Amino acid sequence: IGVTGVQTCALPIFGRLDLGENSLDVLLYDLSSLNDESLFGFVYNMPLDAGDYQGTMSFTYINSKNDGGSDLFTLGGGANVSAADGLKIYGELYLQNGDYSSGTGSGPIDQDAHAFLAGVRYDLPDVDDDSAPWIDVSFWDYSGDSDSTDNSNGNFVSYEFNNDTIVLEDAYYGLDLDTNYRAFKLKGGMNLSPEWSIQGMFTYATLNSNAGGLASNPSNNSKKLGDEFDVRATYRATDFLTFHMNLGTLQNAKALGVGSGIEVVSLTSEVRF
């Protein structure tokens, strides 16, 4: 289907083939019939044994279409391993090529992009049986494009929903940033009680590409997206009802042309049945 461009799926289709310790997930989605936007791909999952470290590894291939005449290919994968001492190492890498779209009279728009993240998490020895404190350090890199007028696209194309930071990345209440940036993140958290847990995070973020200020505005060549400080609190009222309280502030957002900080406060609830 990804090669021929034939779209016969009106509803999302997902299947899993059990291969013993390994598994194969097959995906087929008709994302938008109006725009001929679809997705086909697979994810191969397998266990990972690295001596004292145990984990999982996955390999991903996706062929997505932004319109009826384009084929955008995403190839990559991720892995995570952890040990009994509380240390966990994780990472993901994806490369994109093919055609971002069929373009106009000047021909198709070529895709050349990448996304990468790597991090380390450490679960500290418990101060008591319930606190479970932890710290996490990670680096994120999404390639970017600062010239939308040429026949190439360097912005990594994702299906979003990375809401790690409250102001910069959150799709509901923040700026919904999902491409053309680099970020260093330091976060940690712990349980205050069986009902309450808290998490704090610091993020240093920059644009990946901003030639001539075209990714922000022509009068601003800065790549600095800002320094973000976030606090998240979770209250588990019952087994079925959870409240999330989030507070984030973004400072020094020079690339956005913001003279003062940006603050986001949200209170959400989650109900499970």
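Which ring does the charged end of Lys 185 sit over? The ring of Trp 140, with the charged end 3.6 Å from its centre. By "over a ring" I mean that NZ of Lys or CZ of Arg is within 6 Å of the ring centre and within 35 degrees of the ring normal. Arg 121 does this too, lying over the face of Trp 134 at 4.3 Å from the ring centre.

A word on the model, everyone. It is predicted, so local features need pLDDT of at least 70 and side-chain atom pairs pLDDT 80 or more, while totals for chains, interfaces and linings use all residues. Residues are numbered from 1 along each chain as its sequence is written, and side-chain values use heavy atoms, leaving out hydrogens and water.

Now, rings with rings. The whole structure has seven aromatic pairs; rings of Phe, Tyr and Trp (its six-membered ring) pair if their centres lie within 6.5 Å, with planes under 30 degrees apart called stacked, over 60 edge-to-face and the rest tilted.

Tyr 142 and Phe 156 are edge-to-face, 6.0 Å centre to centre with 65° between the planes. Tyr 142 belongs to strand β9 and Phe 156 to the loop between β10 and β11, so the pair ties together parts 14 residues apart in sequence. Strands here are DSSP runs (E, at least two residues), numbered from the N terminus. Tyr 142 is buried at 11% relative accessible area, and Phe 156 is buried at 9%. Buried means under 20%, exposed over 50%, and partly exposed in between (1.4 Å probe, protein chains only).

Phe 202 and Phe 229 make a tilted pair, 5.2 Å and 45°. Phe 202 is partly exposed at 25%, as is Phe 229 at 43%.

Notes. Helices (H or I, at least four residues) and strands (E, at least two) are DSSP runs, numbered from the N terminus.
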